[in-house]
Amino acid sequence: MKKARPNSVSVLPTHSQFKDKPVGSSSGAGTTARWTLRRVILGAGGLLFVYIILTTAFGSSSSTGRPPRATRPEPDFYRDVQLNNDKPYGNHDSGRDDIRIPINNDKKPWSDPSNNRNNDIDIGVGAEEVKKPEPAKPVDPVVEDKTPKQPEQQQQQQPPAGSGSEETTEEEGEDANTDEEPEVESDVSIASRKRLSTGVTYAQVLASTRAEREYAIALIVKEANQALKSTDVYSVTNKDQTAPSNDIHDYLSLSKYYWPNDKSPTGNGLPYIRRDGHINPEIETVRDYRLLRTMMREVHIMGMAYHFTGNKSYADKCAMRLKEWFLDEATYMNPNINFGSLRKGEDLGARTGVLDMFPIFRVFDALHYLKQEPTWDPTLIPRLQEWFTRYVKWLETATLAKVERKGNNNHGTYYDVQIIGIYLFLNRIDDAREVARSALENRIDRQILPNGRQPEELERKTSWYYSVFNLQALMTLARWGDDLGVNMWDHEGPQGQSIKKAIDFLLPYSLKNGDDWPVKNLKGFDMTDYLKCLQIAWNIYGEQKYLDAITVLEPKVRQDMVDGKIKTISTFMCDMSTLMEAGQRGGQGMIWHWCLT
C-alpha cells in the first residue's frame, strides 16, 4: 500500500512518534494523534505572531540594556566603522550610543618614520598604506551650492592672508591636519636602489675585490722582497761630508732649488741663488735625504708585507733598519734637523728642511703590524718613543721648526702632518687633536680661496704639482681628523673655503690635460697623485663627478705604469680602508696612507 503524502506543514517526527505509532500503521488512533499535533503547532504559531506584533509596536525594554535582535551580522569595527563628524568616535550602524570605537584621526602610515615608537626602527618602504575614509563635509541644509566645480589644483589654493575671505574653521583646520604626509624613503631603500643601479652582481663585486686585493699584495710583496735583499747601510753617518757642526750624526740635506751663483764676486758660486722649479742635482752628493726617505718607505712596505704574509723575515729587517737609523751607537741620527735644506756657504739649514721627515707616519703605521710578531723586541718601540720625545721637543721649540709651522703653504701643512703622526705615536692624543682643530683655520681657511684656489701653491713654477701636493697633505690631516673627532672634510671657512672646493677647482683642468690652467706651470700635468685624491674624494663625498673623472683618468695613469713612465702601484688597500673607516672616530686606519703620499 502506498504511503500518504506528507502535509504541507510538517515537523521532524519526535522520538515519541516513532514509539507510539507502529511503522506502516493506519489505525484511527494514528489519525487522532496527527490532528492533536497540528493544534499544538498552530497554537504556538499564534502566540509567536502576537509576541512579534507587540515587540514591533513598543520596542524592547530600555531597562534591560539588551540590544535589539540583529538583522545582519555584527560589523567588523576595523572595516565597517563610519566616521562621525560631530564626535571623535566611530559608531556602527545599529544606532546605539553605548558602544563606540575611538578613531585616531592623526594616525600615520607605518612607512612614516615619525609613527615608529622608536625612531631608529625603520619599517621600510613598499608596504601598502591603508587610507582612512575622508569625513564627509557638512552640507548647508538651506542653500545648495551651485557653484561650478573648479579644477582640483584651483580648489587647493588658499586665499592670501588678510584678503577678507572666510576664516578657516576649527573643523576645517583639523581636516587639513589629517592630510597624509609625503612618504619618506628609508636609508635602506635608497642604498638598495643605488646598489641595484650599478648593474653589478654581488658575485662580480667579490670576484673583482679579491682580484684587486691579490694584485695589491703581489705589488707589496715584490717591493718588500727588494727591500729585504738590500745590504746598504741606511744611516746619517754614511756620507762624505758633514754638517757645519762637524758632527757626523747630524742630519744634512741640501736645498734642492738653490744653485751656484754665476755672478759670484768670489768665483766660488756663493751665495747660492734660488731657481724655483729647477732641482739642483748637487743634492744627490749628500745622501741623508735619500736614505731617510728610503728607510721610511721600506719599513712601511715590509711592515705591510709582514701583515699580509706573516713572513718573519720582513719584521726582522724592519727592526734592523729602525735600530740602524735611530738607535745604534755607530749609526744613530741626532734628534733634530738643524741642517736640513742647507744652502752652501751658510751655517744653518733652512726651515724647509723640516719637511724631510714628514713621511715618518709610515713607520708608525708599520709598527702597528710589526709588534704582533711573537719574536719582536719588546724594548724597541719604547726606545723609539724616547727618541721621538726628544725630536718632537725640537719641533716644538727650535726656531727653524717654529717658522716652518707658521708657513701658509704646503710647508705649514706638512708640519702638521708630521707632528700629528708623532703625537699619536707618543700617545699625546690631546695634542694631536689640538693640531687638527687649529688646521681648520690655519690650513683650510688661510690656504684655500672661496673658489678652491690655493694661491700660495699657484705662485710656484710647478703650480700644478704643488696644488696637488698640498691637497694631499690637507686630505691626510682630514683623515686623521676622523680619528680625533675633528671633521675637516665638511668644514667651510667664513667665505666657504673647504677641502672639497680645492679638489673641485683642479677637476676640470685634469680632464683637459691642463688646458687653460690659469698660471704658469713647468713639468706638465701628471695625474697620478691627483687621481689618488679623486679616489679618496669619491669615497668621502660620493659625488658622481668624481667617479666620472676617475673613469677618464685611471686608464691613462695605468697605461703610464705599463709603459714604465711612473712607478706601478695599487691604491686598493687605501680605498678599502677609507671606505671602512673614514668619518668614523677611532678608526685609526693604517693602510690608507699608502694612497696619498
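Predicted model: local features only at pLDDT ≥ 70, side-chain atom pairs only at ≥ 80, totals over all residues.
A search of the whole structure for cavities of 30 Å³ or more finds one.

The lining of the largest cavity is formed by Leu254, Ser255, Tyr258, Tyr272, Asn280, Glu282, Ile283, Leu342 and Lys344. By residue class, this lining comprises five nonpolar, two polar and two charged residues.

## Packing of H7 with H9

Helix H7 covers residues 288-309 and helix H9 residues 361-370; the two pack at an angle of about 25 degrees, and their axes are 8 Å apart. Because angles under 35 degrees count as roughly parallel, H7 and H9 are roughly parallel to each other. Their crossing is left-handed.

On the H7 side, the contact involves Met295, Met296, Arg297, Val299, His300, Gly303, Met304, Tyr306 and His307. These residues meet Arg362, Val363, Asp365, Ala366, Tyr369 and Leu370 of H9. The contact of H7 with H9 contains nine nonpolar, three polar and three charged residues.

## Packing of H6 against H7

Helix H6, residues 202-229, also packs with H7, at an angle of about 125 degrees and with the axes 8 Å apart. This angle makes H6 oblique to H7. The crossing of H6 and H7 is left-handed.

H6 contributes Arg213, Ile217, Ile220, Val221, Glu223, Ala224, Ala227 and Leu228 to the contact, while H7 contributes Arg297, Glu298, Ile301, Met302, Met304, Ala305, Phe308 and Thr309. The residues of the contact of H6 with H7 divide into eleven nonpolar, one polar and four charged.

## Backbone features in loops

Most residues other than glycine have a negative phi, and most peptide bonds are trans.

The peptide bond that joins Leu270 and Pro271 is cis, with omega about -10 degrees. Pro271 is located in the loop between strand S4 (258-259) and strand S5 (273-274). Tyr258, within the range of S4, is among the residues that line the largest cavity.

Asn246, a residue other than glycine, has a positive phi, near 65 degrees. Asn246 belongs to the loop between H6 and S4.

Definitions and conventions:
Residues numbered from 1 in each chain as written. Heavy atoms only, no water. 1 Å grid on protein atoms, 1.4 Å probe; cavity = no way out; pocket = protein on both sides within 12 Å on 5 of 7 lines; lining within 4 Å. Points joined across faces, edges and corners; volume = space filled by probe spheres on them. Nonpolar A, V, L, I, M, F, W, Y, C, P; charged D, E, K, R; others polar. Axes fitted to C-alpha atoms, helices over the stretch in contact; angles between N-to-C directions. Helix = DSSP H or I, 4+ residues; strand = E, 2+ residues; numbered from the N terminus. Parallel < 35°, antiparallel > 145°, perpendicular 65-115°, else oblique. Left-handed = near helix turned anticlockwise from the far one by under 90°. Contact = heavy atoms within 4.5 Å.
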